[in-house]
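Colleague: Could you take me through this structure?

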Protein chains: 4
Amino acid sequence: MTHNVAILGASGYTGAELVRLIAQHPNIDIKALSGERKAGMAMADVFPHLRHMDLPILCKIDEIDFSQIDLCFCALPHKTSQEVIAALPKDLKIVDLSADFRLRDPDEYEKWYGNKHAALAQQGEAVYGLTEFYRDEIRGARLVAGTGCNAATGQFALRPLISAGVIDLDEIILDLKCAVSGAGRSLKENLLHAELSEGYNAYAIGSTHRHLGEFDQEFSKLAGRPVKVQFTPHLMPVNRGILATVYVKGDAQVIHDTLAVAYADEPFLQVLPFGEAPSTHHVRGSNYCHIGVAADRIEGRAIVFAALDNLTKGSSGQALQNANLMLGEKEEEGLTMAPLFP
Amino acid sequence: MTHNVAILGASGYTGAELVRLIAQHPNIDIKALSGERKAGMAMADVFPHLRHMDLPILCKIDEIDFSQIDLCFCALPHKTSQEVIAALPKDLKIVDLSADFRLRDPDEYEKWYGNKHAALAQQGEAVYGLTEFYRDEIRGARLVAGTGCNAATGQFALRPLISAGVIDLDEIILDLKCAVSGAGRSLKENLLHAELSEGYNAYAIGSTHRHLGEFDQEFSKLAGRPVKVQFTPHLMPVNRGILATVYVKGDAQVIHDTLAVAYADEPFLQVLPFGEAPSTHHVRGSNYCHIGVAADRIEGRAIVFAALDNLTKGSSGQALQNANLMLGEKEEEGLTMAPLFP
Amino acid sequence: MTHNVAILGASGYTGAELVRLIAQHPNIDIKALSGERKAGMAMADVFPHLRHMDLPILCKIDEIDFSQIDLCFCALPHKTSQEVIAALPKDLKIVDLSADFRLRDPDEYEKWYGNKHAALAQQGEAVYGLTEFYRDEIRGARLVAGTGCNAATGQFALRPLISAGVIDLDEIILDLKCAVSGAGRSLKENLLHAELSEGYNAYAIGSTHRHLGEFDQEFSKLAGRPVKVQFTPHLMPVNRGILATVYVKGDAQVIHDTLAVAYADEPFLQVLPFGEAPSTHHVRGSNYCHIGVAADRIEGRAIVFAALDNLTKGSSGQALQNANLMLGEKEEEGLTMAPLFP
Amino acid sequence: MTHNVAILGASGYTGAELVRLIAQHPNIDIKALSGERKAGMAMADVFPHLRHMDLPILCKIDEIDFSQIDLCFCALPHKTSQEVIAALPKDLKIVDLSADFRLRDPDEYEKWYGNKHAALAQQGEAVYGLTEFYRDEIRGARLVAGTGCNAATGQFALRPLISAGVIDLDEIILDLKCAVSGAGRSLKENLLHAELSEGYNAYAIGSTHRHLGEFDQEFSKLAGRPVKVQFTPHLMPVNRGILATVYVKGDAQVIHDTLAVAYADEPFLQVLPFGEAPSTHHVRGSNYCHIGVAADRIEGRAIVFAALDNLTKGSSGQALQNANLMLGEKEEEGLTMAPLFP
């Protein structure tokens, strides 16, 4: 059985990544691609790497006949997404890739994003899209909120450890390194090749990054009490990839075993042998996440590493994984391509 | 029906790329992976990006039971390849990725490679593996010689033009830009990140690069008279990709039309609209080749561009494309993944 | 004796490069830095790498007291530059880094730049700033027009050959590779790290790049008859550097000797031993230009390579070299820093 | 007065960097350059970026007449350095760039480097070369031991804080990012462009990196009691630069003020305004170190950042700074070049 999908916001990187992934999926057809400012253009002109594909012309959202669509991927910017989704048919299955429906508490949303939420009804029904931990809810959901790419990475490293109570909840430090495509295709000076290449710097310092809203929500829920982590993202001069280096207090071997057991049956979460560290180069372009654990020389301290591709497992791959569940497809369908190396 | 294959030389980049591609193929199983110096190791330890796959342990070639193998990919270094292939079962289907069986004339081989050929019998039966131009021979071949990656790129730009007689055969200049993975995983100073990054230089200057042997052989055969091109390769600080900028004399519009007609039904050879130039970034990780043509301001001169991924369409993708023909599979099977961008 | 200078357009890359170079000059003081949109900001906030320097606050041009300025560097965009310079004091020494005063024929200017020239009087007195070939005129000039960075590279490779009549003037092909900083600090999609890194493509194809106006003017003047070259620039995923690969017809050894003799006493133009090719990595951040010559396998054909740093020798270094002549300083003053490698 | 120097190990990156820097120094002449395996070669052939300089031919160490040398830079590999230095004239001033004389306790040396020290006499007299903190000792020293590049970065971030007692000594985490040139010009697979570019990973995980020996020695000495930090280095796909992200417990404003006061008169240590983070791109190729401090959202926690160029301030620049003191030159001589950006 073939499912028809639309991708809203197809002129951005996550939209193009969805097209790339869905092209490998045997049972999904792309019926509509929207791009407000590029409406009327062929995808080949916006993304020449998709030139060989037979794709719909980019259109405006209000030109789409949603009655023919089984599921809609929404890859629009924050704020825009909530406005658009509020106006979509109420029974349309939606996977949203923006930040708009990740936080359950409207006050938390306003605190981190600076505006009142414009689609509270939809926010109320949204399911948090971290597939490996919300499978059942996602299967039955109408609206799934894709997680932040940094937020996904940190949670893969930490959730089983918080659940199992094997680390000190007040002493978690996430030093995160993310690739430039995480900032999208926007024209900002710091994203220019000349500014970024050969450079390396932290940003959103002092734990002010918006993905902290997700960490706070999810980790506190898991722990049954407030958990606040420190989180410092850094911008790497590479196009794809996130590496989280997480400093925790606890027994390193127990931590490794906890993760290994928790992810033993997970197709996309690969726990490395104890003492090995993953590289972003080894997950690039794939839906896999590599996780490593090492003991520090100081007794009772450990480092947990998680590496994934921000555009795939961190965003569009996750979105397709969730769509598979919502559509009754096999969860891994279209997502098992090996990483591109070198 | 499932075909069993072996990959000899699986610890190099083209070997790993074969594994990545075959993982997408529904009807091919990898039964053996050889790596003389790394025999006994798991592929995950040699190429951590393949960690999620269930692959044979690396072994020595003489440990492989070839009676169970339908087709053997040979991704060994030059010279080694001919020695190994000479000793393989005489009825085993082989796709060789080395330079050893590309040149039909043993004297030409010796001239470009500096040693006498050690497997003349096999050389005699080898079919040149530029799929789009040797399909019928490849279908019936036992031994197919994969082309040089630079040689493939230049031929995609030029073959139809030489056949059609629309360019001056004595005035062809190939200015080629190739990525570092073309040099393999060998430990050479000029391949270090610190030496290559932010740099850019020509090498094998003065038309001394070995792939000229292939150009000479193929272009002269097509033209029915000797054709010699100028060829200057440059090393780019990128990991994958080749861009050929070919300066020719002829009518640009005729040249474009000739290529567009010649490749109209080719799934992997995409001719861009007249006046557009391709980028290596838009074919990376894929089996597609993008071709562009522009008129120069000087009447009667044109520039032809061809861009492909040296490890995929230039090497391992081509090898799988040929294997598909030899095994009776659909030619595109396992090869239609979209490029990875960004 | 100390010379006071102003730099107009100090918030761009060539402006910042001027500051970096002048910091090494014992006899030049920076008295004013302009940046219309960033007026009021400290240079440390616009270019944090200059944080350690004691520099004037960025101001608007009309806030500068030019009576205190001995020489003014003008690093403004095209068109803006001619308007600003037309309004500056008529006796102020000026080194312009824009394209506005490079072409002597106003019709040629209009043809390549698309607008009527707005400062014809100044255009009439401007001296073309290719230092090594216009030293005497530059010494006495009031207004010097810095050359295009690509134009400089091509001319270093070709001028002595055209003067000496050792190459075929109708068969010159310049295949040029330039770094991204040549496009300035402007916010364009194709200059984003995510778009450029791992990519490689030609632009301004078909010999349509504006620097051809300079080639036509200078080469025709040298030859005493019209000379038209083919010129295809490519964008490299590196920040600094230009490599010109020039295909010519002539005797390679004679070509090498001609260049070696012509540049024997030039401090910044280094001719490599016959048969060697330069790399952009080996001139980065310096005012040096490396030039190589090789014979092709086809008799009577040669390849000339020239590598320089587009921001230094191709632009701001050249500007300081010219200013030194105009101010009676030693030509090399402040410019002999070794390249940064790796 | 001119000082004559020799550079031992001039065919490595730190050796070449010394040549680049000394070229800017008015009072130092390079009299000898050694390179055992490349003896007899011109530096231009080993490092083409130094082609324009008039330099001695590379020789073997035993060919150098040390009676003519005022100071010897020793840029040899670990272990080799101690053997060579033990055999040099006992009154020769030496700046060693290797790890051999950094640790005062021979047992600590053996613990971190795995071999018994072969030059205990020299080790006993060596002064630790972190210029800003050992000026007086360095001025009078015969043998100065250059610090590790990572060790320098971490100490610039932390020493004044430990001295002032404003941070918790048992809760210091150094997450460090270093460029590939820190590993030298050695042929290792993980240093290849194809392996490193687009990748990012930690190494020496679990606080096993040798530079911890220096941290332990120096921080414990400062604190008057044992101090052990956690230290996780990561390899960045860039050529130059180190960024240390240091997680500490203490009052962020007090921490910033302490660093600002401590470095107020230091020409090379630049403390950024409170809340700003430095980038490696803004110190590249220079002797400057940029330091930033931010408060975390969690009360009582702060992040300290330090960025420097591993080859300059982290190694060869530091060495020249020390040599200036030992030779009675102005400390900054030859070292005030602005960073290269972009």
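Modeller: What follows concerns the interface of two chains and then one residue. This is a predicted model, where local features need pLDDT of at least 70 and side-chain atom pairs count only at pLDDT 80 or more, while totals for chains, interfaces and linings use all residues. Residues are numbered from 1 along each chain as its sequence is written, chains are lettered from A and ligands numbered from 1 in the order in which they are written, and side-chain values use heavy atoms, leaving out hydrogens and water.

Colleague: How many residues of chain B are in contact with chain C?

Modeller: 53 residues of chain B are in contact with 54 residues of chain C, contact being heavy atoms within 4.5 Å.

Colleague: And how many salt bridges are found across the interface?

Modeller: The rule finds ten between chain B and chain C, each a side-chain nitrogen of Lys or Arg within 4 Å of a carboxyl oxygen of Asp or Glu. R301(C) forms a salt bridge with E171(B), with the closest N and O atoms 3.9 Å apart.

Colleague: How do the residues on the side of chain B divide?

Modeller: The side of chain B that touches chain C has 24 nonpolar, 14 polar and 15 charged residues. Here Ala, Val, Leu, Ile, Met, Phe, Trp, Tyr, Cys and Pro count as nonpolar, Asp, Glu, Lys and Arg as charged, and the others, Gly among them, as polar.

Colleague: New topic: is Q123(C) buried or exposed?

Modeller: Q123(C) counts as buried because its relative accessibility is 7%; buried means under 20% relative accessible area, exposed over 50%, and partly exposed in between (1.4 Å probe, protein chains only).

Colleague: What does Q123(C) touch?

Modeller: Not counting residues up to four places away in sequence, Q123(C) touches F101(C), L103(C), R104(C), D105(C), P106(C), Y109(C) and H117(C).
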